[in-house]
Amino acid sequence: MSENVRGLSAVEAARRLAVNGPNAIAEVRENRLAAFAQKFWAPVPWLLEVTVVLELILGNLVQAGVFALLLVFNAVLSATQEGRAQVAVDLLRARLDVNARVLRDGQWTLVRASELVVGDVVHVRQGDLVPADLTMSDGLVELDQSALTGESQSKGVGPGEPGYSGSVVVKGEATGEVGAVGAATYFGRTAQLVSAAQAPGNMERLVFGVVRALMGFALLVVVLVGVDGIIRATPLHELVPFVLILVIASVPVALPATFTLATALGSREMSQHRVLVTRLAAIEEAASMEVLCTDKTGTLTQNVLVVESLWAQAPFDEDHVLQVAAAASDAATEDPLDLAVLKQFSERQLPTLGPRVSFTPFDPATKHSESVVTTSDGALRVVKGAPQIVAALANADVSQLAAHVDVLAASGARVLGVAEGPVGESLRFVGLVGLSDPARDDAPQLVENLHRMGIHVVMLTGDSLATARAIASRVGIGERVGAAEALRSAEAQPVHRARAGDERPWDHADWKDVYAEVLSEDKMRLIASLQAQSIVVGMTGDGVNDAPALKSAEVGVAVSSATDVAKAAASLVLIDPGLANMVSAVEVSRRIHQRMLTYTLNKVIKTLQISVFLGVGFVVYGRFVTTPTLVVLMLLANDFPTMSLATDHVRSPNHPQRWRVGSLIGASLGFAGPLVLLSFALWWFATVALHLDLAQMQTMVFVWLVCSGQATIYLVREREHFWHSRPSTWLAVSSVIDLVVVVLLALSGLMMSSIGAGTLAAVIGLSLAYLVVVDQLKSTIFRLAHFGR
């Protein structure tokens with residue numbers, strides 16, 4: 001730096017600080033009370049709130065309390081899972097809270113990094129955290145940018161080159177001018193991306209989709225009952241409670257709570273597989289995941305440099321190449337290149353060239369290190385560094401070496417050249433050393449397992465095309481490699497193109513399995529474009545640069561070595577190194593999905609059966625087929641064993657699971673149809689053959705709805721025949737208890753008119769007949785409804 005540079009004046013720095021603000025991430029705190037209140041302002045909460053109000057108007061305090069409790073339970077559980085973006089931003093802000101050496105009024109002084117302004121002259125040295133985005137004007141430094149870019153190798157930065165905020169100075173010292181501060185820095189933009197990123201709420205849309213479909217159907221039944229009741233001049237104090245109970249029976253008010261409970265239990269199961277869950281919805285999303293975008297460094301690779309290959313210039317051999325490289329290395333520098341060379345040298349148990357007399361560490365200016373060692377032939381000078389530099393020092397033919405360098409570089413290796421020669425004489429080029437960040441041992445098997453599960457793996461890395469292609473080939477991801485520029489061009493974004501029918505983007509030739517030279521914004525572009533096509537996306541990573549994408553993806557997975565920022569942004573955190581536990585996480589999530597799907601399917605079937613039978617029964621027979629009290633009791637009796645499905649034994653499907661409301665309703669209609677017909681047949685039989693009075697028939701209907709509900713649970717819990725798998729102990733026990741209690745109530749006449757054992761046996765027998773007969777038609781119903789595809 002020239003001597004006449006004085007830096008900014010204190011007055012000018014203060015003015016710029018007042019105008020542009022501090023070198024910090026703007027802090028926006030959300031009112032927690034307001035955020036909690038927002039949980040009560042959504043479609044599903046609205047339905048619960050209306051139900052509570054109606055129950056209070058009718059004086060049903062106990063029922064109103066039950067629905068109010070469900071409402072608060074959902075809100076509390078949801079609120080406890082929020083605030084992840086704010087945690088990540090706080091961690092990023094803490095990283096910016098450092099001191100900096102700045103030139104003000106011609107004097108070097110220490111100031112808080114938050115007080116830096118654009119135009120300040122800053123000096124950084126080994127061990128410093130770069131406090132703002134700098135453009136270097138003097139000196140040379142090696143920067144560790146792995147937490148920002150994901151690149152495992154440090155980068156040499158000299159005059160005219162940028163040094164990004166959040167980088168760590170590994171070696172050297174330099175002076176630079178501040179070009180960006182706070183949110184405008186590379187580091188700050190990452191923080192903003194994390195704060196703004198938000199995974200779409202697929203589960204909430206699903207729940208509302210199911211509720212909306214059922215409410216639409218229930219509305220038709222309610223209108224039919226209401227019009228018929230008015231025509232028949234049914235007393236309002238009888239008609240209104242019945243209409244209200246129809247609405248309550250049609251709305252699966254326990255659906256959100258059951259989903260939350262199932263995922264909470266799932267998080268415990270995942271913890272047993274060494275996976276921590278920080279966002280419950282991610283458990284369900286993982287079951288639907290079709291694409292897993294993964295970082296390279298530290299995720300698929302070991303994030304450590306090793307000697308991968310050696311090439312010797314005749315008459316030398318590979319061992320001698322390694323001896324020379326080791327002589328020009330020193331562990332005290334803690335340079336990853338030196339450590340990798342020395343480790344390989346030690347593993348081969350090679351003898352040293354001789355005692356070392358002197359050592360000059362790597363200098364970004366000269367791009368090489370060198371030593372002088374004493375051999376039996378005298379003092380020997382050895383050099384290690386950039387191949388072109390070392391070749392020039394040895395007067396070697398660079399063009400002839402280029403082919404060998406290209407071969408090593410094509411495998412993604414970082415190539416070094418080594419040379420030797422007597423002190424005072426010319427150097428001779430000895431050979432080349434190729435170093436790389438090797439793939440994890442478990443990475444190929446992991447990728448194979450994910451492919452077998454129907455998940456497409458896409459590698460996103462900040463490294464070069466050659467490095468990306470080499471790693472992708474080794475782990476089996478795929479051969480379709482492209483640069484990140486393809487994601488930045490609107491005309492060249494293949495995943496943005498509309499697809500016809502069920503075509504998926506990976507079915508086309510322009511799909512890429514690997515993107516190289518990727519920035520944080522590029523990862524988010526890819527994720528957003530896939531999500532726009534209703535593709536559930538997973539993202540794995542470990543660095544600050546991965547945090548925005550981890551937050552944006554439905555399934556953000558931080559590996560065990562991830563930074564605190566990445567873990568705060570993720571929804572799943574792997575405890576063990578690598579991604580091996582990711583397979584277990586997907587398998588667990590798919591089993592949870594199957595349980596939730598069974599619960600939802602069963603709930604929709606029962607809702608359709610109850611709505612149609614109660615509503616049409618009133619219109620056809622001109623009287624209530626059961627009482628509002630028995631309907632509430634029946635709903636509780638059905639929910640008791642149904643919620644036990646969260647513990648049921650299920651198999652993990654071998655393909656991604658997608659919720660399709662249309663298919664769900666279609667399959668439900670297929671199962672509910674026979675139930676409705678049997679309900680009317682049972683009513684006719686009780687009237688004609690059993691000669692029961694109205695109160696007894698209402699009790700019989702109550703028992704039938706409970707028993708047929710039990711049959712439906714065992715019918716739909718297994719996609720094969722119902723005897724194909726054994727239910728969980730909790731499910732079996734809850735079913736037995738439920739049936740015993742219902743039978744005792746019906747026999748004793750408690751809260752209802754009693755009926756005989758013969759009538760109970762007929763109802764139970766009819767339920768079993770429904771289970772056996774419809775089980776034979778189950779596969780046809782599922783196929784026609786396109787269910788489970």
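Two strands pair if DSSP finds at least two bridges between them. Strands here are DSSP runs (E, at least two residues), as helices are (H or I, at least four), and both are numbered from the N terminus. By that rule E14 and strand E15 (residues 428–436) are joined by 7 bridges and run antiparallel. Within this pairing, Glu420 has Arg428 in E15 as its bridge partner. The hairpin of E14 and E15 has 5 residues between the strands, and Gly424 takes a positive phi near 90° there.

This is a predicted model, in which local features need pLDDT of at least 70 and side-chain atom pairs count only at pLDDT 80 or more, while totals for chains, interfaces and linings use all residues. Residues are numbered from 1 along each chain as its sequence is written, and side-chain values use heavy atoms, with hydrogens and water left out.

Confidence comes next. pLDDT is the predictor's confidence in each residue, from 0 to 100. The chain averages 82, and 86% of the residues score at least 70. Residues 81–93 stay under 50. For that stretch the model has 35 contacts (heavy atoms within 4.5 Å) beyond four places in sequence. Where pLDDT is low, the predicted coordinates should not be read in detail.

Now the overall make-up. The chain has 27 helices and 21 strands. Of its 789 residues, 53% count as buried. Buried means under 20% relative accessible area, exposed over 50%, and partly exposed in between, with a 1.4 Å probe and protein chains only. Take the contacts between residues at least 6 apart in sequence: 74% of them join residues at least 24 apart.

Another sheet is open and has 8 strands. Its order is E8-E21-E20-E19-E9-E16-E18-E17, with mixed pairing. Strand E8 (275–277) and strand E17 (481–483) stand at the edges. Each has a single partner strand, so one side of each is left without a neighbour in the sheet. From one strand to the next, the twist averages 20°; axes are lines fitted to C-alpha atoms, and angles run from 0 to 180 degrees between N-to-C directions. E8 pairs with strand E21 (residues 572–574) in the antiparallel sense, over 3 bridges. Val277 stands opposite Leu572 in E21.

The expected span of a helix is 1.5 Å times one less than its number of residues. H9 (residues 236–250) has 15 residues and should span 21 Å; its end C-alpha atoms are 21 Å apart, which agrees. Its buried residues include Leu239, Phe242, Val243 and Leu244.

The aromatic rings come next. Rings of Phe, Tyr and Trp (its six-membered ring) pair if their centres lie within 6.5 Å; planes under 30 degrees apart count as stacked, over 60 as edge-to-face and the rest as tilted. The count comes to 7 aromatic pairs. In one of them, Phe613 and Phe680 have ring centres 5.2 Å apart and planes at 85°, so the pair is edge-to-face. This pair links distant parts of the chain: Phe613 is in helix H22 (residues 580–621) and Phe680 in helix H24 (residues 661–690), 67 residues apart. Phe613 and Phe680 are both buried. Phe671 and Phe782 have ring centres 5.5 Å apart and planes at 65°, so they too are edge-to-face. Phe671 lies in helix H24 and Phe782 in helix H27 (residues 757–784), so this pair ties together parts that are 111 residues apart in sequence. Phe671 and Phe782 are buried as well. Ring pairs also link Phe613, Tyr621, Phe680 and Trp683 into a cluster.

Last, some backbone details in loops. A cis peptide bond joins Ala314 and Pro315, with omega about 15°. Pro315 sits in the loop between strand E10 (306–312) and helix H12 (318–327). Asp105 is not a glycine, yet it has a positive phi of about 55°. Asp105 lies in the loop between strand E1 (99–104) and strand E2 (107–112), and at 36% relative accessibility Asp105 counts as partly exposed. Gln349 also has a positive phi, near 55°. Gln349 lies in the loop between helix H13 (336–348) and strand E11 (356–363). Gln349 is exposed, with a relative accessible area of 71%.
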